[in-house]
Amino acid sequence: MLRVDLTRQKTRVSDLEPDLAAGFLPTRHYTSGVFEHAWEVSGERLAEEYNVKTRGCFACTIPCSRFYVVKDGKFAGLYGEGPEYEALGSFTARVGNSDLDVALKANDMCNRLGLDALTTAECISWAMELHERGMLKRSEADGLDLSWGNGEAILALIEKIARREGFGDVLADGSRAAAEKLGRGVELTMQVKGLDLIMADPRGLKGFGLGFAVASRGGDHLRSEPFIELSDDPRRGEELFGVPEATLRLAHRGKGKLVSYFEDWCAIIDALETCKNIMQNMEILTFERAAEVIEAATGMRMPASEVRRAGARIVNIERMFNVREGVRRRDDTLPRRFREETLPEGPSRGTVFEQEPMLDEYYAERGWDQRTGIPTRETLESLGLGYAADELRKIKASERN
Ligand code: SF4
């Protein structure tokens, strides 16, 4: 467990406990959940050696961003905001890179070139895994040595992706599109519905994994983000869902309830255009508080239960949009590696992602058809979405033709 002395102004890397690792840090393209160089590239090291001040959105009392300066070395003089966990992990553990300066440079390049750091790193680490397995010739990658952690190749590829040059053009549309263009390696892409996954291995964080599988825009953590799972506190699961395992990160029972609850919550927070980091992750804007906020802002009185129903309506209408576009249960799936291969080491060792029972539970919780993953007419009508239910008839008719 995390043991950091918060009473100290600074925490030295050398003071941190080795068991801080929970074992779900995607390492070398999810072939492990433990990165042996984690401390060298940690946020704690950034805080100690690089950060000079905090930054934040206007008027925020919890400015969550950091501003760093690289003082020496090859990238001396580099400065900027961030990187937060996802970008930092993406250009370190995910690509097997232990050089913090390279990760800062990679993140800075993505920011300046308008690239998403997570997707860019997924494409690069996927190509590195193909290289490692002998599935990608050096000549196909513009002569670059794609060995894990090769900083020069990582930075060169970012530039090529942004400019769609050579192998960069193959990678420029995400990992699934890259595999389709290359004609191989699609089973090794770490994406759901074409959107590349974040820095959390679902075998060690199962509620997050279920959220990736069912999120309406693909492998997306921002549609549920059930952070409470990290507490590993069964009392919270019992209290909120009547299922102690729901808040244990390695258990799969109760995750249908957990994810649907957090999806409804995230939908409300997005609809109110408030900060998810504070309002949901810090558990400040509960459904009850959201009802008060809505009344203060609009004069509309809604009980907390009605606020949650509004969240469920958003989730269901998004699902119906996707259903109309052809999405079914078969699409709510994580990459095969998570379902069939166990994590080889660390505190999450030996686990797989138990997808089917979790989907069964989630669909039951949502009132969606178990076989197809389509919301039932009763569910849609109970949410006041009768017009979407009428769409079902057309969808079924078109499937018969
Ligand atoms: S993202 Fe949220 S917590 Fe961070 S600075 Fe902006 S408002 Fe504050």
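This is a predicted model: local features need pLDDT of at least 70, side-chain atom pairs count only at pLDDT 80 or more; totals for chains, interfaces and linings use all residues.
1. Domains. The chain is divided into domain 1 (13-195) and domain 2 (202-400). Their C-alpha centres lie 28 Å apart. Across the boundary, 23 residues of domain 1 are in contact with 31 residues of domain 2.

2. Histidine 29 sits in the segment before α1 (43-49), and its phi is positive, near 55 degrees. Tyrosine 30 lies in the segment before α1 as well. Its phi is about 65 degrees, again positive, although tyrosine 30 is not a glycine. Most residues other than glycine have a negative phi. Histidine 29 is buried, at 0% relative accessibility. Tyrosine 30 is buried too, also at 0%.

3. A cis peptide. The bond from glycine 82 to proline 83 is cis, with omega near -10 degrees. Most peptide bonds are trans. Proline 83 belongs to the loop between β3 (79-81) and α2 (85-90).

4. The two ends of α9. Where α9 starts, a side-chain oxygen of aspartate 233 comes to within 2.9 Å of the backbone nitrogen of arginine 235. After α9 comes glycine 242, with a positive phi near 70 degrees.

5. Alanine 246. This residue is in the loop between α9 (234-241) and α10. Is alanine 246 buried or exposed? It counts as buried because its relative accessibility is 0%, under the 20% limit. Beyond four places in sequence, alanine 246 touches Gly237, Phe241, Arg253, Gly254, Lys255 and Leu258. Its C-alpha atom is 7.6 Å from that of lysine 257, which is 11 residues away along the chain.

6. Serine 260. Helix α10 (residues 255-271) holds serine 260. The serine 260 side chain reaches the backbone oxygen of glycine 256 at 2.9 Å. Serine 260 is buried, at 2% relative accessibility. Leaving out residues up to four places away in sequence, serine 260 touches Arg308, Tyr362, Glu365 and Arg366.

7. Methionine 282 and its patch. Methionine 282 lies in the loop between α11 (276-279) and α12 (287-298). With a relative accessible area of 39%, methionine 282 is partly exposed. Together, Ile62, Met282 and Ile284 make a nonpolar surface patch of about 230 Å².

8. Arginine 319. Helix α13 (residues 304-324) contains arginine 319. Why does arginine 319 count as buried? Its relative accessible area is 3%, and the limit is 20%, so arginine 319 falls in the buried class. Its contacts beyond four places in sequence are Val214, Val327, Arg328, Arg329, Asp332, Tyr363, Trp368, Gly373 and Pro375.

9. Salt bridges. How many salt bridges does a search of the whole structure find? The search finds 45. Aspartate 220 is buried at 3% relative accessibility, whereas arginine 217 is partly exposed at 46%.

10. Further pairs. Arginine 301 forms a salt bridge with glutamate 295, with 2.8 Å between the closest N and O atoms. Arginine 301 is exposed, at 70% relative accessibility. Glutamate 295 is partly exposed, at 32%. Glutamate 306 and arginine 313 also meet in a salt bridge, at 3.6 Å from N to O. Glutamate 306 is partly exposed at 23%. Arginine 313 has a relative accessible area of 23% and is partly exposed.

11. A salt-bridge network. Which residues are linked in a network of salt bridges? They are Glu129, Arg133, Arg336, Arg337, Glu340 and Glu341.

12. Glutamate 381. Helix α16 (residues 377-382) is the place of glutamate 381. At 44% relative accessibility, glutamate 381 is partly exposed. Apart from neighbours within four places in sequence, glutamate 381 is in contact with Gly386 and Ala389.

Terms used. Residues are numbered from 1 along each chain as its sequence is written. Side-chain values use heavy atoms; hydrogens and water are left out. Helices (H or I, at least four residues) and strands (E, at least two) are DSSP runs, numbered from the N terminus. Buried means under 20% relative accessible area, exposed over 50%, partly exposed in between (1.4 Å probe, protein chains only). A polar contact is a pair of N or O atoms within 3.5 Å; within protein, one must be able to donate a hydrogen and the other to accept it, and residues adjacent in sequence count only if both atoms are side-chain atoms. Contact means heavy atoms within 4.5 Å. Patches are made of residues with over 30% relative accessible area and no salt bridge: like charges are joined within 9 Å, nonpolar side chains (Val, Leu, Ile, Met, Phe, Trp, Tyr) within 5 Å. Accessible areas come from the Shrake-Rupley method with a 1.4 Å probe; for residues, only the protein chains shown count as cover. A salt bridge is a side-chain nitrogen of Lys or Arg within 4 Å of a carboxyl oxygen of Asp or Glu. Domain bounds come from an automatic or database domain assignment.
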